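Q: I'd like to learn how to read a protein model. Can you take me through it one feature at a time?

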Amino acid sequence: MAGMLSGKSTVITGAGRGIGRSAALRFAREGARVVVSDLDPDPAEEVAAAIRAAGGEALAVAGDVTADGFPDRLVGAAVEAFGPAIDVLVNNAGYTWDAMAHKMTDAQWEAMWRVHCTAPFRLVRAAAPYLRDAGQRDLAAGRRVHRKIVNVSSVAGTDGNPGQLNYASAKAAVVGFTKTLAKEWGRFAVNVNAVAYGWIETRLTQPKGEDTVIDTPEGAVAVGVPQQHLDAFRDRIPLGRPGTPEEAAGVLLFLASPLSDYVSGQVLKVTGGA
Ligand SMILES: NC(=O)c1ccc[n+]([C@@H]2O[C@H](COP(=O)([O-])OP(=O)(O)OC[C@H]3O[C@@H](n4cnc5c(N)ncnc54)[C@H](O)[C@@H]3O)[C@@H](O)[C@H]2O)c1
């Protein structure tokens, strides 16, 4: 398929739902081969099947990004399916597990660091031969081929958010991760950027209720945002509404595509102007 990502091999974590799902579908429409990875096998398979039904190439790889050995397995599966190249890696998988600081458990704290920081670190390390080393080889051969890493952060990390000391700290660490890796791998033509979303309408940000409990590697966790907080957020958004997963995915496409070849080490706030 012709497009901005024609023939590119891309890996997206947390691609079974929400922002990651929209990015997988969007990347595929631009000609990318997409590894759709998610904790939950059924949504991952559904997204991969939708891509294939539209004439694209996709592979679903189910598993927990925080599990020992999973990042190596994911990179191995990508390379086996689409050949020895990874052109784009999107570290998107994640969830929230809120509590006020004085009531937060160690399990809540550690889970957020594992999924938002440790997993992306292990994935980047596992993919280094196909991102860093491949870029180095291309440059030695006189070719400059940009490869892209896009990390998903949050305005909770850049600005703080009550009830999310664990999540906000881990998402803030994603900023340091992004800027440091951009400095380490820039000379190999690897662009590393982050997107800090505000409020995008997904299951994480649905109005809190009894049906907003999700399965995570740590067990059942209540997600969602109290309705009165959503109403207050809306008032602070100049565009007056939350973003859609498709709008969120458009920014990931920009940072994954040649349009952003001279953009690196940046954290792009995607907040409707908030
Ligand atoms: N929705 C927002 O307003 C918002 C704002 C800022 C940042 N984010 C971030 O965007 C990213 C995507 O979230 P979303 O809003 O699309 O939520 P979502 O729940 O719709 O999708 C997240 C996906 O990640 C998967 N996932 C979670 N933990 C995983 C694990 N350990 N291993 C593999 N997959 C896992 C889930 O199964 C799910 O399919 C997350 O990192 C989230 O923190 C979202």
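Q: Which residues have the most contacts inside the largest nonpolar core?
A: A nonpolar core is a set of buried Ala, Val, Leu, Ile, Met, Phe, Trp, Tyr and Cys residues joined through C-beta atoms within 7 Å. Buried means that 20 or more other C-beta atoms lie within 10 Å of a residue's own; exposed means 12 or fewer, partly exposed is in between, and C-beta atoms are placed from the backbone. Here the largest core has 78 residues, and those with the most contacts inside it are Ala24, Val34, Val36, Val195 and Leu252. Helix α4 (residues 106–140) gives the most to this core, with 12 residues. Bear in mind that this is a predicted model: local features need pLDDT of at least 70, side-chain atom pairs count only at pLDDT 80 or more, and totals for chains, interfaces and linings use all residues. Residues are numbered from 1 along each chain as its sequence is written.

Q: What does Ala24 touch, leaving out residues up to four places away in sequence?
A: Two residues are in contact if their C-beta atoms, placed from the backbone, lie within 7 Å. By that rule Ala24 touches Ile12, Ala15, Val34, Val36, Val47 and Ile51.

Q: How many helices and strands are there in the protein?
A: Helices (H or I, at least four residues) and strands (E, at least two) are DSSP runs, numbered from the N terminus. This protein has 8 helices and 9 strands.

Q: How far apart should the ends of α6 be?
A: The expected span of a helix is 1.5 Å times one less than its number of residues. For the 21 residues of α6 that gives 30 Å, and the end C-alpha atoms are 30 Å apart, so the two agree.

Q: Which residues of α6 are buried, and what covers them?
A: In an α-helix there are 3.6 residues a turn, so residues three or four places apart point the same way. The buried residues of α6 include Leu165, Ala168, Ala172, Phe177, Leu181 and Trp185. Among the elements covering the buried residues of α6 are α4, β5, α5 (155–159), β6 and β9 (267–270).

Q: What is the phi of Ala189, and where does Ala189 lie?
A: Most residues other than glycine have a negative phi. Ala189 has a positive one, near 65°, and it lies in the loop between α6 (165–185) and β6 (190–197).

Q: Which residues around the ligand are the closest?
A: A residue is near a molecule if its C-beta atom, placed from the backbone, lies within 6 Å of it. There are 30 residues around the ligand, and the closest are Gly14, Gly18, Gly94, Ser154 and Thr202. Helix α1 gives the most to this shell, with 3 residues.

Q: How many residues of that shell are nonpolar, polar and charged?
A: Ala, Val, Leu, Ile, Met, Phe, Trp, Tyr, Cys and Pro count as nonpolar, Asp, Glu, Lys and Arg as charged, and the others, Gly among them, as polar. The shell divides into 13 nonpolar, 12 polar and 5 charged.
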